[in-house]
Amino acid sequence: MKGAIAKVFPNTRHRLYLWHIKKKFVEKLSQVYYKRSKFKKDMKECIRRTYKKEAFEKRWMLLMKENGLESNQWLQGLFDIRESWVPVYNRGTFFTGMNITGRIEGINSFFDSFVTHTSNLKEFVVKYEIALSRIVKRKNDKDFESEHKFRIVNDHEFLLKHAGKVYTRNVFNKFKDEWNKIFHYKVENVRNGNGFQSFIVKSKDDELEKFEVRLDSQTYEGKCECQQFEFVGILCAHILKVFVQLDIDEIAEHFIFPRWRQKANKFRIIDSQGLVHDDGKEESKTLRLSHMC
């Protein structure tokens, strides 16, 4: 499969299912990987909470040594293909933060309520259309909520206010989750040079947790070491903390993906005078959604 994907879709990034790999841990490492075991906890931290490739590799090697697993061939094989399943190697690629396995199984579960293994082809086509119609209706309901339901935000939370104006309700809630984390961080060691500002954002709860945020001094374009924006498309708490420090009240345009905006799924057309209008027909779903990327 890997070779075929690389050949047919050369510009895509192929990931392995982390959930499937983790299920194998119980089978392959039952002597150390069991409920509430220290190894299980440490391995989870190693996989999920390392934000530098070098840090992951160092932590992995230490785990192997501490648990006498240096010669375990299965683990060595996993380590050899780490770029295809360990999150830190994929955080620079936009996946909307999606857990692929969970997403696919969620879709399967949804369609299971419409079709069964005994459904024939004709029934499948009919039920499939019904299922899609339900998805569209649910999405339209959410769009209506995004446009018409008010978000409750404190007066002094200007960035959050702006997020409420531009984001869909679902994305706003995810943004708010990050916003609520900023109070657990502090900004230290501000440096300037070559048109950029560098900030070290440290956790108040964990001395070892720190991230470098680099921003263009003029446009405020930049990135955080955690690469959440690149992976998820939503600003991380570390960048938001820096924005608060700099008294920035609005999210810069380059940090707002078109797909996250309210009315993002409404197709726009530009007339001869350069004015933008909604296309009420929305005839082509492919064309209608292509502008969201």
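The buried residues of α9 pack against α8, α10 and α11. Buried means under 20% relative accessible area, exposed over 50% and partly exposed in between, with a 1.4 Å probe and protein chains only. Helices (H or I, at least four residues) and strands (E, at least two) are DSSP runs, numbered from the N terminus. The model is a predicted one, where local features need pLDDT of at least 70, side-chain atom pairs count only at pLDDT 80 or more, and totals for chains, interfaces and linings use all residues. Residues are numbered from 1 along each chain as its sequence is written, and side-chain values use heavy atoms, with hydrogens and water left out.

Which residues of α9 are buried? They are Val-171, Phe-172, Phe-175, Glu-178 and Trp-179. Seen down the axis of α9, these buried residues fall within an arc of 110° (taken from the directions from the helix axis to the C-beta atoms), so they line one face of the helix. An α-helix has 3.6 residues a turn, so residues three or four places apart point the same way.

Phe-175 is also among the members that touch the most others in the largest nonpolar core, which has 38 residues. A nonpolar core is a set of buried Ala, Val, Leu, Ile, Met, Phe, Trp, Tyr and Cys residues joined through side-chain atoms within 4.5 Å. Elements giving two or more residues to this core include α8 (158-166), α9 (169-179) and β1 (185-193). Its largest share, 5 residues, comes from α11. Apart from this core lies another, of 22 residues, including Trp-60 and Val-88.

Gln-228 sits in helix α10 and is buried, at 14% relative accessibility. Leaving aside neighbours within four places in sequence, Gln-228 is in contact (heavy atoms within 4.5 Å) with residues including Arg-91 and Glu-178.

The charged pairs come next. The whole structure holds 12 salt bridges, each a side-chain nitrogen of Lys or Arg within 4 Å of a carboxyl oxygen of Asp or Glu. One joins Lys-52 and Glu-225, with the closest N and O atoms 2.9 Å apart. Lys-52 lies in the loop between α3 and α4 and Glu-225 in the loop between β4 (222-224) and α10, so the pair ties together parts that are 173 residues apart in sequence. Lys-52 is partly exposed, with a relative accessible area of 43%. Another salt bridge, between Glu-57 and Arg-82, has an N to O distance of 3.3 Å.
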